[in-house]
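I opened the model today to look up a few local features. My notes follow in the order I checked them.

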Amino acid sequence: MIDLHYWPTPNGHKITLFLEEAGLDYKIIPVDISAGDQFKPDFLAIAPNNRMPAIVDHAPADGGAPISIFESGAILLYLAEKTGRFIPADVRGRKSVLEWLFWQVGGLGPMAGQNHHFVQYAPERIPYAMERYVKETNRLYGVLDTRLGKSANVAGEDYSIADMAIYPWIVPHQRQQQDLDTFPNLKRWFEAVAARPATIAAYAKGEPFTKRPTVTEEGKKVLFGQTARPAG
């Protein structure tokens, strides 16, 4: 039913988390981002921003032709609305889930991503950039810890697409130079999500691809040297 164009990065894991939780049938189509698979014409046809994940739903709710969706937050929202799961129907609950979903796609993901880049991958050590993004990641962890002191899950008592969006970006907390012991509410939630059967199954789906390096030296040129593609 669902084709998932995927690589085992935090954004890729978001979608397998949902698909495993919902029990939907899906097929993984690997997109090796270090080898440049994201620039292949067939992939660009469904993901014009040359970023995975992307999905193709072969059984959309309107009964029409297959629908393709790119951007991980949009995919999570689409799947939640398709299945009627992991997003509340009431206006206040839905509002809370959307707030925290967009908090992740607009804040935690980009800031932690810059943290990864300057601390792990940048060819030269730039102390200002490293400190800037490590501290901002820390601030965002603090925001999340405060929130999780008020409810079992990020957007409320029920597990939702907001949790699925955020969890994979906390998994590499050590690489982000963050200590979960200093964020007890976040740590409690993190361990609870990690223990969910669907989380275990989702990460297992990525294991065949993790044996290949996510970013090789050649891959860095592919990932970090992009400019606009020529028109035409």
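I start with a term: I count a polar contact when two N or O atoms lie within 3.5 Å, and within protein one must be able to donate a hydrogen and the other to accept it. I also note that this is a predicted model.

**Entry 1: His116.** I looked for a partner of this side chain. The side chains of His116 and Gln176 are joined by a polar contact of 3.1 Å. I placed His116 in helix α4. Is His116 buried or exposed? Its relative accessible area is 9%, and the cut-off for buried is under 20%, so I log His116 as buried. Leaving out residues up to four places away in sequence, I listed what His116 touches: Tyr121, Trp169, Pro172, Arg175 and Gln176.

**Entry 2: the nonpolar core.** Next I checked the largest nonpolar core, which has 67 residues. Which helix gives the largest share of this core? Helix α4, residues 91-121, supplies 10 residues. The residues with the most contacts inside the core are Phe18, Leu79, Ile161, Ile170 and Trp189. As background, nonpolar side chains tend to be buried together in soluble globular proteins.

I followed up Trp189. Not counting residues up to four places away in sequence, Trp189 touches Leu148, Ala152, Asn153, Val154, Asp163, Ile166, Tyr167 and Ile170.

**Entry 3: helix α8.** I took the span of α8, residues 197-210. The helix has 14 residues and reaches 20 Å from first C-alpha to last, close to the 20 Å expected at 1.5 Å a residue. Which residues of α8 are buried? I wrote down Ala198, Thr199, Ala202, Gly206 and Phe209. Then I asked what covers the buried residues of α8. The cover includes β1 (2-6), α1 (10-22), β2 (26-30), α6 and α7.

Entry 4: Met52 and Pro53 are joined by a cis peptide bond, with omega about 5°. Pro53 sits in the loop between α2 (41-44) and β3 (54-57).

Asn50 also lies in the loop between α2 and β3. Its phi is positive, near 45°, and Asn50 is not a glycine. I marked Asn50 as buried because its relative accessibility is 8%.

Gln177 is another residue other than glycine with a positive phi, here about 60°. I found Gln177 in the loop between α6 (161-170) and α7 (184-194). Gln177 has 48% relative accessibility, so I log it as partly exposed.

Key:
Residues are numbered from 1 along each chain as its sequence is written. This is a predicted model: local features need pLDDT of at least 70, side-chain atom pairs count only at pLDDT 80 or more; totals for chains, interfaces and linings use all residues. Side-chain values use heavy atoms; hydrogens and water are left out. Helices (H or I, at least four residues) and strands (E, at least two) are DSSP runs, numbered from the N terminus. Buried means under 20% relative accessible area, exposed over 50%, partly exposed in between (1.4 Å probe, protein chains only). A nonpolar core is a set of buried Ala, Val, Leu, Ile, Met, Phe, Trp, Tyr and Cys residues joined through side-chain atoms within 4.5 Å. Contact means heavy atoms within 4.5 Å. The expected span of a helix is 1.5 Å times one less than its number of residues.
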